Amino acid sequence: MKTIDLKDYCTRIGGRIAKVFTGRDRGKTVREQSKIDELYRSEGEITVVIPVGTFSITPSFLEELFTNIVKEVGIEKFRETVTIVANGYNIDVPLDEALDRIMQDKNALSK
């Protein structure tokens with residue numbers, strides 16, 4: 001099983017490392033840079049690690065990060081094959097909202 005550690009994709013400003021993962025644009029960037037879709041397809045499962053001390057992860061970030069996987073396999077199989085190591089962060093509410101948006105084909109930008 002492949003692992004994607006989100007600490008490798010933290011936004012850095014000078015010597016400071018952001019403790020947030022927000023926005024569709026950032027989710028798309030992390031999806032593309034991590035090659036999560038390709039890794040998932042080749043492995044059939046994946047682990048995503050949330051860095052210790054993460055302050056916020058928005059549903060829009062998760063929606064864009066996971067959109068292709070969820071659309072391809074559905075929510076049930078996603079939950080069976082994608083492990084999220086939360087390291088104390090409560091991911092349940094933003095993840096549930098992101099998954100609902102993906103399956104409805106609606107997002108924060110929809111009318």
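A residue is called buried under 20% relative accessible area, exposed over 50%, and partly exposed in between, with a 1.4 Å probe and protein chains only. The model is predicted, and local features need pLDDT of at least 70, side-chain atom pairs count only at pLDDT 80 or more, whereas totals for chains, interfaces and linings use all residues. Residues are numbered from 1 along each chain as its sequence is written, and side-chain values use heavy atoms, with hydrogens and water left out.

**Salt bridges**

With a salt bridge taken as a side-chain nitrogen of Lys or Arg within 4 Å of a carboxyl oxygen of Asp or Glu, the count comes to 9.

| Pair | N to O distance |
|---|---|
| Lys7 and Asp5 | 3.9 Å |
| Glu63 and Arg24 | 3.1 Å |
| Glu72 and Arg41 | 3.0 Å |

Glu72 of helix 3 and Arg41 of helix 2 (residues 36–43) link distant parts of the chain, 31 residues apart; helices here are DSSP runs of H or I with at least four residues, and strands are runs of E with at least two, numbered from the N terminus. Glu72 is partly exposed at 47% relative accessibility, and Arg41 is partly exposed at 48%.

**Packing of helices 3 and 4**

Helix 3 (residues 59–81) packs against helix 4 (residues 92–104) at an angle of about 70°, with the axes 8 Å apart; the axes are lines fitted to C-alpha atoms over the stretch in contact, and angles run from 0 to 180 degrees between N-to-C directions.

**Aromatic pairs**

Ring pairs have centres within 6.5 Å, and planes under 30 degrees apart count as stacked, over 60 as edge-to-face and the rest as tilted. The structure holds 2 such pairs. Phe21 and Phe61 form a tilted pair, 5.4 Å centre to centre with 50° between the planes, and both of these residues, Phe21 and Phe61, are buried. The rings of Phe66 and Phe78 have centres 5.0 Å apart and planes at 65°, so this pair is edge-to-face, and both Phe66 and Phe78 are buried.

Notes:
Rings of Phe, Tyr and Trp (its six-membered ring) pair if their centres lie within 6.5 Å; planes under 30 degrees apart count as stacked, over 60 as edge-to-face and the rest as tilted.
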